[in-house]
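Please work through the following exercises on the structure shown below. Each task is followed by a stepwise solution.

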Number of protein chains: 2
Amino acid sequence: MEATANQGGRATITDVAKRSGTSIKTVSRVFNDEPFVRAETKKRVLEAAAALDYHPNIAARSLVRGRSFLIGLFYENPSPNYVVDLQTGALDRLRDERFRLLLFPCQSARAMSGKLLQVARTSGLEGIVLAPPLGDDPRTVKELREGRMPFVRIAPTTALDASPMVGIDDVEAARAMTQHLLDLGHRRIAFVQGDPGHPSTGQRLSGFRAALTEAGVSFDERLLEEGMYTFESGLAAGRRLFADRMRPTAVFAANDDMAAGIAVAAKEYGLDIPAHVSIAGFDDSLISRVTWPQLTTIHQPTYDMAHVATDALLALIERQPLDRAVGLPHRLLVRGSTGKAPSGEAANAGSSA
Amino acid sequence: MEATANQGGRATITDVAKRSGTSIKTVSRVFNDEPFVRAETKKRVLEAAAALDYHPNIAARSLVRGRSFLIGLFYENPSPNYVVDLQTGALDRLRDERFRLLLFPCQSARAMSGKLLQVARTSGLEGIVLAPPLGDDPRTVKELREGRMPFVRIAPTTALDASPMVGIDDVEAARAMTQHLLDLGHRRIAFVQGDPGHPSTGQRLSGFRAALTEAGVSFDERLLEEGMYTFESGLAAGRRLFADRMRPTAVFAANDDMAAGIAVAAKEYGLDIPAHVSIAGFDDSLISRVTWPQLTTIHQPTYDMAHVATDALLALIERQPLDRAVGLPHRLLVRGSTGKAPSGEAANAGSSA
DNA sequence: CGGTAAATTGACAACGTTGCCAATTCCGAA
DNA sequence: TTCGGAATTGGCAACGTTGTCAATTTACCG
């Protein structure tokens, strides 16, 4: 039956040409949807291809076209939810495109610095999506630009630069969240920072500070805690905060994972959320919905950012004109973990100054 | 400076040969670590390659060798944590190999049935890792085997079959968890099932039943709830269970996401965990550590399973001999969400029969 | 019916690499 | 010094596809 195929291996374009009584060029035309193929010829070719279970050889196609149709997603692993959102956004954009996505989980932005272009070349990538904080390493960006490797960065829009970029405005978002806490009457608000290696850390903090300043509320620097964007670091920060008699009435964590850790710490100290302490996060990751009560947070459209970034990258690869920076909207999600400041606050705050 | 390279594009093996004063064949030898290249020649070639920033063209190499060095990971998306563990396990095994990993998130096993081989062919994959429940679709397995596409399934070891497979013994693990609850004195134990499309669902249930039977405890079928392995389905199941006056003293959910939902439902009903009700999960996913209290669960070595499966796949591709099925050990993790059955249980259980 | 443009098809040379095999060089032994 | 075999190197065809360009067929006009 299928004896037309060259022995053993997969059917090639030549096999299809023979079986359909045409030339390999015509078969190629059919499989690339080129015009100028008679309908009847096309039908014959497709029948032959189906009978032989023919699939174009991607390597040969890549070779002759000088293209790999491969793009890379480089990311650190801040949280599985975030990573999966990124991947899904990128993959969904690629659906029905010829491009395929290769994953490059990185240990740290610093470790990759200077090696990224090489990795991309070795893998034959046509373009790169850089997830935070990889897009913020100046050396990497410089290297990619000089190497003419198309890339799009997912990064806070406030960190403006000449290269294409997609993100939300972290400063503004943090300001909005802080305002929400102020509106609830909170004055002793602690802030738990993220990984100092991520630019978002500084931006969220500055948004927080800006809101306090605007409201004329002075900030007790002892309420600034360090963190690493991990659940554990949030737990530790929460314990430090709640161990102090001058404990805050609200805690704003720079991401949800830390906020969840802080919530656990609060429970360890017998504090009710939000009656005794309000807790706010950032990212709207899955974890913010599985704590009890659910976390008030900032929705960051991670999926959309990856989708848009991939879209931009494809345009860049095809040398189409392109907006330099795309800002996506964030959203304040008020859920159960934030509430009115406890009434005793003023007395409490003043008791030990 | 770098004028030796052919204009514009990337340097090719010919450029390196010219610059190093050797032949392309010798350059090829150097880059493939073949023997019989004089040390001094090798050095010259490497210098020239570095100067030209030469990287072998993967497409050309794939074409001539008839290999793509691409393997695919097909998975549904039960939970981000699980997916990331899978990916990381596979990617870590691939480190320092020439192989690269392509992602194929699937809507549902049913939707992919019959299309998987085609997708693999189209993408030029050399092999496939099937994450649950994709490996349990008989049609897919048959198709892959007949198409001679190497594949390894990650699936419960109790679902034995002729094709290579890696997994834990779900039945035994569920039995161990149930025994744990029985040991704590629980007799009214509810079970929340997972997605009926996953074979693990049936196996975990059967392990649960077996443990009860062995202990001589009869099972009230009203305590069997349906679920879909999602947090929301667990929340819903929990609400149904706790709304009933005959509520269980312990709930065993077929995975952690559902258990977390059940924990939230318990809190809605003012039930303390574990004083009023014990809750057990399965998987040891991140979520089991961020609930309060943390969930007692079964540690499933997802990372290791993907690692071992990838290892087996590479062996299969290289036509090396291979163990048909590999069973990996699970572990019962007792944390805060399970405790002694409330003393009033007997009275409570008998009050409305 | 002849002529011209458009539609359709095919021949053949790349693309950059590796496998096969022949050519050359090197080394120690005779 | 010469010889034989091992070490080292190079030449060239092939891998399966697409781009270029020429050849052939078809359709339409006057």
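Ala, Val, Leu, Ile, Met, Phe, Trp, Tyr, Cys and Pro count as nonpolar, Asp, Glu, Lys and Arg as charged, and the others, Gly among them, as polar. This is a predicted model, in which local features need pLDDT of at least 70, side-chain atom pairs count only at pLDDT 80 or more, and totals for chains, interfaces and linings use all residues. Residues are numbered from 1 along each chain as its sequence is written, and chains are lettered from A in the order in which they are written.

**Exercise 1.** Determine by class the lining of the largest cavity.

*Solution.* A cavity is a set of points on a 1 Å grid over the protein atoms alone where a 1.4 Å probe fits but cannot get out; lining residues have an atom within 4 Å of a point. The largest cavity holds about 250 Å³ of space. Of its 19 lining residues, Tyr82(B), Pro132(B), Ser200(B), Arg204(B) and Gln300(B) are the closest to the centre. The lining comprises ten nonpolar, six polar and three charged residues. Helix α10 (residues 199–214) of chain B contributes the most, with three residues.

Terms used. Heavy atoms only, no water. 1 Å grid on protein atoms, 1.4 Å probe; cavity = no way out; pocket = protein on both sides within 12 Å on 5 of 7 lines; lining within 4 Å. Points joined across faces, edges and corners; volume = space filled by probe spheres on them. Helix = DSSP H or I, 4+ residues; strand = E, 2+ residues; numbered from the N terminus.
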